[in-house]
Amino acid sequence: MAGVTEFPFLSVLTLAPLVGALVVAFLPRTNPELAKRVAFGWSLAVLALSVAMWVAFQTGGERFQFRESYPWIPSWGVSFTFAADGIALVMLMLIAVLVPVVILASWKDADALKRSVPVYFALLLALEGTMIGVFAAADIFLFYVFFEVMLVPMYFLIGSYGGHQRQYAAVKFFLYSLVGGLFMLAAVIGLWVVGGQTFDWQALTQIDMSTGTERWLFLGFFIAFAIKAPFFPFHTWLPDSGAAAPAGSAALLVGVMDKVGTFGILRYCLPLFPEASKWFAPYALALALIGIIYAALLAVGQNDLKRLVSYTSIAHFGFIGVGIFAFTTQAGTGAVLYMLNHGLATGLLFLVVGMLVARRGSALVSDFGGVGKLMPILAGVFFFAGLASLALPGTAPFVSEFLVLLGTYPVNKPVAVIATLGVILAAAYVLWMVQRTTQGTLNPALAEHEGMRRDITLREKVVVAPLIALILLLGFYPKPVTDVINPAVQATMQDVGKTDPAPTAVTTEAAK
Amino acid sequence: MQYAPATGLLSTMWLLVAIPLASAAVLLLLGRRADRWGHWLGVASVAASFVLGLTYFFQLRGLTNRSVELSMWQFIEVGSLKVDFGLLFDPLSGVFVLLITGVGSLIHLYAVGYMEHDPGRRRFFAYFNLFVAAMLLLVLGNNYVMLFFGWEGVGLASYLLISFWNHLPSAATAGKKAFLMNRVGDAGLLIAIFIMFATLGTTQFDEVFTHVGALTGGIVLMMGLLLLLGAAGKSGQFPLQAWLPDAMEGPTPVSALIHAATMVTAGVYLIARSNPIYSANPTLQTVVVSVGALTLLMGCIIGCAKDDIKRVLAWSTVSQIGYMFLGVGLGGGAYALAIVHLLAHGFFKANMFLGAGSVMHGMHDQTDIRRFGGLSKYMKITWLTFATGWLAILGLFPFSGFFSKEPIIVAAFARHGWTAWLYGGAALLGAGLTAFYMTRLFVLTFHGPKRWTDEIEHPHESPPVMTIPLILLAIGSVAAGGLMATSVPEWLTPVLGPQEEAHGVLSHTVLTVLATAVTVIGAGLAWALFRKGTAPQELPAGPVVTAARKNLYTDAFNEAVFEKPGIYLTRALVFLDGKVVDGGVNLLAAAVGGGSGRLRRLQTGFVRSYAMSVLAGALLVVAAFLALQMGWLA
């Protein structure tokens with residue numbers, strides 16, 4: 001196996017989609033099918049390589065694996081360094097799985113527009129490459145570069161191929177991220193200054209800094225990540241972007257790109273600024289908790305399916321935030337698992353919403369009603385995605401939500417209890433959405449709508465099947481994934497200097 | 001407390017869950033291709049589980065340690081938390097398995113006939129099988145997380161089946177209401193599990209029960225109350241009872257199996273299973289008893305005022321489960337009494353629900369008992385089988401209820417001091433009211449003058465596929481109570497503790513006479529009042545009857561306190577998020593991005609604003625960098 005582990009997985013995985021994007025972009029506009037097929041094939045190759053990497057990853061081995069380093073700007077201490085821990089590995093797998101699914105789901109998205117079809121699929125591949133880069137980077141400057149560059153393909157996906165108000169949404173998305181990114185840049189530079197002019201993650205975890213410096217630098221990173229995730233009150237760009245983006249891009253935006261925020265907190269805020277992380281934890285928990293309740297209530301009140309799903313995601317990010325800042329093994333593992341599961345579940349939900357919207361020509365809930373009568377299978381898949389979103393046992397998100405709450409309870413009872421109320425609200429927004437869309441009396445406008453008579457197509461079945469299968473598999477047997485995540489989370493908790501509390505009754509019993 | 005590992009035949013007990021689950025998956029995945037034979041697969045899978053259940057049951061009888069567990073795979077292992085996909089087959093789960101698959105098989109069979117003309121019959125059987133699988137997991141899980149798994153699974157199946165005809169807005173709403181009210185209870189159950197983990201570090205039944213003694217009284221009380229919240233949600237007990245009567249929007253076999261015989265008794269199972277927790281805290285037991293007593297009276301009172309045959313039976317279910325809660329709350333020997341009543345109720349209530357379905361089948365889906373009457377001549381089998389259910393719930397010797405309900409009344413009178421009179425009195429009064437409303441239902445449906453709507457000329461008896469299950473359940477209604485009265489408590493001793501003779505403020509004989517007397521009075525009164533029929537429309541009534549018709553204003557309370565404010569809050573937040581939060585942050589962003597531009601301008605000259613914000617951002621970076629260098633910020 002030595003030969004396999006020495007294979008430069010991370011750099012190849014980062015570059016391959018970018019090369020693919022270039023190739024696809026220059027394919028002739030006159031033959032859109034070719035561009036689609038090449039892009040799809042390319043993303044499948046990336047998936048195959050990612051699976052090989054997953055197999056090569058040694059569970060319980062070193063924290064960071066597949067390390068590669070190439071000099072870039074030695075005088076600044078900048079290098080192309082890649083490495084992946086269990087957390088990054090899981091996110092890389094999520095990207096590798098979602099991108100081919102999204103490409104297939106977006107097969108006809110660009111056809112109706114006057115814009116270039118090859119460019120659309122090239123942008124999706126470019127997005128994949130930059131997102132892989134951001135999770136694979138182990139040099140903070142490199143991370144920052146990918147963090148910013150990643151915005152560009154998404155900006156064009158929303159701004160050029162999106163729906164109503166796409167330009168407003170694209171610029172809002174870009175500006176929010178950019179502002180956050182600038183805070184981070186300031187902190188990155190600050191860190192470089194106090195850290196002895198290096199950007200190497202490993203080296204920077206070792207440095208000493210004053211409490212004040214640590215808190216300011218933490219804040220710089222945290223604001224960038226809180227906007228990206230997004231946490232309340234920095235969340236308002238997401239519903240606009242989610243509503244305007246094409247469904248496939250929205251699935252990637254919410255399913256993967258936003259996770260860069262929570263991933264960044266785990267990888268950078270906690271290990272680099274452990275004391276500040278603990279100091280800010282109550283505030284971060286408060287924001288996360290507000291997000292859970294507030295966004296869930298807002299989701300109930302939405303009349304646009306894509307905005308609705310965006311708000312549910314903000315609520316879910318709240319759970320992830322709670323899991324991260326509870327500082328226990330269960331909550332942390334739950335948070336990372338949540339990042340994966342939410343990508344699968346909300347990805348599926350966005351894609352199915354996209355299928356409904358493409359047929360109806362509208363995303364407004366009030367334009368639907370009684371869809372189940374016309375399209376029982378698609379309505380059933382929609383319902384399944386909803387169940388995964390409300391974290392029903394048997395679907396993957398249950399495990400992560402359960403772990404987050406269970407891990408939070410011993411250290412912070414009020415937070416865990418209030419967050420558990422979010423479980424009730426999740427049922428409310430999902431069932432209310434399902435009822436207004438697929439149940440009840442058939443909306444008369446739908447009966448005459450030609451597109452609404454076509455139940456799920458073969459291509460759409462291929463899109464949803466792998467996601468449904470993964471959601472069920474990880475719902476019943478999450479252990480292969482938790483085994484990968486768990487050591488990385490434990491190492492992170494060690495960085496912060498936190499250990500799990502022992503069961504209270506057992507310790508008192510032992511004391512007697 | 002120690003469970004032995006499952007060996008031999010018992011190590012295949014996962015099949016109990018797997019068979020109906022696989023059947024459900026096949027029925028859903030094959031789609032219309034399975035329309036012709038799907039229902040028979042559905043029946044066969046539950047029947048197979050029943051045969052297996054019987055086999056395991058007799059295997060278990062031959063063992064000395066009658067609690068065997070099977071770990072299938074590791075579900076979660078994170079830090080100190082270990083949860084297995086594990087099953088436990090012991091005397092308690094054994095009787096539940098037999099009830100679920102036995103009564104379940106009969107109701108599945110019945111549904112073949114009942115759903116014959118429904119285009120969604122295959123889908124119906126898929127959901128029905130899914131329910132059986134989830135319910136079996138609920139009673140077979142060997143830890144609270146598995147129990148919760150099954151718990152949510154039955155909630156899902158219940159939702160799917162209540163809103164089976166979801167093109168009707170009322171059915172869709174009823175399904176959603178059931179799911180949401182259950183989720184309130186589920187949150188309680190979840191937090192109880194968190195408490196277990198935080199204090200004991202485990203969710204395994206045996207470990208939790210062994211170490212309950214190490215917990216402080218406050219923790220036990222909290223944990224028990226939260227479990228009770230979960231139990232109340234699933235079992236339709238106060239204050240989470242409102243969804244159960246609405247659940248009658250589902251097809252009648254669903255009402256019989258899920259909302260009468262099995263799922264709604266899951267709360268009783270939960271408390272009985274957790275008996276070491278409940279027995280550890282007398283305050284907790286008093287709360288359970290009070291919930292039971294209150295709900296049983298509520299159910300009776302409302303049941304007297306309803307005119308829809310299924311709603312009367314639904315409120316009767318609420319009330320009868322109240323008796324079971326009363327039983328498990330009393331603790332000690334009464335745990336087993338509650339289980340006996342649960343099993344007996346499973347037979348006679350399923351019998352009556354299916355009987356109601358048979359009546360509706362013959363009467364163009366009419367459900368209003370004011371428009372029935374005289375049906376005994378037209379539906380002899382339905383009439384006779386329903387009569388056994390009616391006599392069973394009344395609790396007259398020698399029918400089931402006499403052996404299952406009356407012991408709970410006796411046990412309630414065995415409480416200490418004035419509480420004996422309070423809870424015993426409630427149970428006794430409930431018996432009289434039950435006799436009244438059930439007799440009213442029976443007489444108005446099967447006797448007296450015909451009050452049918454015009455289109456009905458000659459109501460027909462149901463086909464054998466429906467009447468055979470009725471006959472079998474009728475036999476159970478007559479005999480189950482007597483057969484189980486002593487054997488089941490003895491069988492359950494390893495789980496629920498030994499039986500003790502209850503000695504109360506009134507002697508057993510006096511109570512038997514009293515219970516029989518109030519029953520006869522209630523039934524006689526109803527017979528005298530309704531023997532000649534009733535008005536076909538609702539007549540104005542006094543405050544008590546009006547309140548009962550309006551479910552004692554509990555729905556109005558929920559609407560005024562939860563629904564309406566919730567809607568207003570949501571609307572206010574949508575406004576707030578759009579104007580204040582978004583506006584505020586946009587303003588801030590605009591300020592950061594140069595101070596001059598409003599984000600609104602983006603829609604037009606966005607490139608310029610974008611360039612400007614990049615510039616401003618760069619300035620900010622330089623400023624921050626300088627500040628750091630000069631040590632302002634540190």
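Modeller: For 512 residues a compact globule would have a radius of gyration near 24 Å, and chain A has 22 Å, which agrees (the radius is taken over C-alpha atoms, and the globule rule is 2.2 Å times the number of residues to the power 0.38). This is a predicted model, in which local features need pLDDT of at least 70, side-chain atom pairs count only at pLDDT 80 or more, and totals for chains, interfaces and linings use all residues. Residues are numbered from 1 along each chain as its sequence is written, chains are lettered from A and ligands numbered from 1 in the order in which they are written, and side-chain values use heavy atoms, leaving out hydrogens and water.

Colleague: How many helices and strands does chain A have?
Modeller: Chain A has 24 helices and 2 strands, where helices (H or I, at least four residues) and strands (E, at least two) are DSSP runs numbered from the N terminus.

Colleague: New topic: at what angle do α20(A) and α6(B) cross?
Modeller: The axes of α20 (residues 413-438) of chain A and α6 (residues 169-200) of chain B cross at roughly 165 degrees and come within 9 Å; axes are lines fitted to C-alpha atoms, for helices over the stretch in contact, and angles run from 0 to 180 degrees between N-to-C directions. That makes α20(A) roughly antiparallel to α6(B), a label for angles over 145 degrees, while under 35 is roughly parallel, 65 to 115 roughly perpendicular and the rest oblique.

Colleague: And which residues meet there?
Modeller: Among them are A:V417, A:I424 and A:W432 in α20(A), and B:F179, B:R183 and B:F194 in α6(B), with contact meaning heavy atoms within 4.5 Å. By class, this contact of α20(A) with α6(B) has 16 nonpolar, 3 polar and 2 charged residues (Ala, Val, Leu, Ile, Met, Phe, Trp, Tyr, Cys and Pro count as nonpolar, Asp, Glu, Lys and Arg as charged, and the others, Gly among them, as polar).

Colleague: What about α15(B) and α20(B), are they roughly parallel or antiparallel?
Modeller: Helices α15 (residues 334-362) and α20 (residues 464-491) of chain B pack at about 170 degrees with their axes 9 Å apart, and are therefore roughly antiparallel to each other. The residues that meet include B:F347 and B:N351 in α15(B) and B:L473 and B:M484 in α20(B). The contact of α15(B) with α20(B) has 17 nonpolar, 6 polar and no charged residues.
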